[in-house]
Amino acid sequence: MKWEKLKPPEPDDPMCCCECDSYQYGCYCDCEDLDEAFNRWLKDKPCKSGCQSPVFGAVIDKLEISMMPALLLLPLLLRVAALHYLLGIIILTALPGLVLWYYYATHRKKRRTLFFLTLALYSLAYMYYLFITEILPRGDVSQLQLCAVTTGMILTIVSLIHTKRGPGFVTASLHKAHTHSQEAMKDSTHLNGSVQSAASSSGTSGDLQTTKEAPTAKWSSCPMCKIMRPPRGGHCRTCGSCVQRLDHHCIWCCRINSCVGQANHRSFLLTLSVFLLTSLYGISLVLRSLCPREYLMTALFNCPGVYSQSSTALCFTCAWYSSIVTGGLLYLLVTQVLNISFNVTEREAQLALRNKTGQRRLWGLVIDTGHYSRGFYQNWVEFLTMADASGSLRASLTDLV
């Protein structure tokens with residue numbers, strides 16, 4: 001019940017806590033809010049944002065205290081795994097299951113969480129710390145190689161930040177801009193018949209691509225957002241919004257905790273590529289330092305004397321840990337490259353499998369829907385030149401005016 005100062009309460013209305021003289025509870029509008037606040041205080045949970053400063057509320061929202069045990073246990077488990085190769089096999093095999101179990105036990109009810117992003121960044125920083133403190137003093141890594149690893153780390157973080165900027169959310173104004181663009185195109189076609197041919201001949205322009213394909217593509221209405229979304233757009237239940245050319249919501253692979261869509265798909269692919277190159281190069285430097293007499297391809301399976309010292313055993317265990325993560329991301333990169341080559345998104349592939357309208361290609365690694373593919377070369381040109389639809393429509397409207 002919201003209290004209105006100029007309107008007296010009805011006789012049967014319960015007294016609101018805002019009418020009391022206790023100023024510290026004035027931020028709660030009724031007794032239910034007061035009960036909820038008291039329960040939160042008993043459970044040692046933060047107060048609602050309306051009763052605290054905006055800065056403090058933002059810090060509380062972003063800080064996940066339940067992440068601390070995972071961050072503390074990860075280096076501890078790696079050190080225990082470095083005690084013996086059998087312990088290493090057991091712990092590294094069970095580690096993915098332990099991480100998933102802890103995630104579902106502590107973060108499952110949260111729609112969006114920084115669990116995997118924090119764990120990935122922490123693992124990256126811990127691997128780099130061991131590389132600097134354990135491998136570099138051995139004298140087997142040159143300054144140029146150190147600069148290459150450091151540059152790869154920085155580029156990975158920069159591309160990750162760029163990917164986190166946004167996938168290209170669908171707004172209500174996007175359909176209005178699309179409608180105005182079509183009307184302007186029709187008016188300009190009536191005034192000058194050569195405009196249509198000029199627009200179709202400039203096929204290399206990424207800004208006119210969306211406008212050119214718009215007459216043949218159909219916009220659909222989202223039952224959740226209640227707005228019109230462009231072709232290949234989809235609704236993300238985690239973000240609660242529609243995304244242009246939605247591929248998937250990423251929490252497992254690159255742990256970006258964001259949708260991968262039209263605006264950040266290229267950045268997502270760049271993040272994967274840079275991380276994989278840096279990780280493979282770093283693992284090769286570690287193995288060459290720990291196992292100089294072994295071949296690089298077999299050093300992970302046969303490295304005599306590596307468990308004689310705790311420092312070398314820890315670095316060898318971390319090399320295995322990094323190899324497991326790298327293998328999973330390598331599979332994701334291959335899948336993404338194949339999807340782009342067939343011009344299909346992960347969401348479209350899953351819908352095609354559900355509706356039994358797609359065909360499995362290349363041993364089931366890619367689902368060919370057959371709707372948007374225009375050949376290998378044209379598919380990659382479309383992917384590399386696609387832009388945010390809102391920006392493209394604004395640019396086309398400006399050119400037409």
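Where is W363 found? Select W363 and you land in the loop between β7 (359-361) and β8 (366-368); helices (H or I, at least four residues) and strands (E, at least two) are DSSP runs, numbered from the N terminus. Before moving on: this is a predicted model, where local features need pLDDT of at least 70, side-chain atom pairs count only at pLDDT 80 or more, and totals for chains, interfaces and linings use all residues. Residues are numbered from 1 along each chain as its sequence is written, and side-chain values use heavy atoms, with hydrogens and water left out.

Stay on W363: its relative accessible area is 83%, so it counts as exposed (over 50%; buried is under 20%, partly exposed in between, with a 1.4 Å probe and protein chains only).

Next, select helix α6 (residues 143-163). Its 21 residues reach 30 Å from first C-alpha to last, close to the 30 Å expected at 1.5 Å a residue (1.5 Å times one less than the number of residues). Colour its buried residues, among them L146, M153 and L160. Their cover includes α5 and α10 (265-290), by contact, meaning heavy atoms within 4.5 Å.

Hop over to α5 (residues 115-135) and pick S123. Is S123 buried or exposed? S123 is buried, because its relative accessible area is 8%. Skip its neighbours within four places in sequence, and S123 touches L74 and Y321.

Last stop: Q378, in helix α13 (residues 376-385). At 35% relative accessibility, Q378 is partly exposed.
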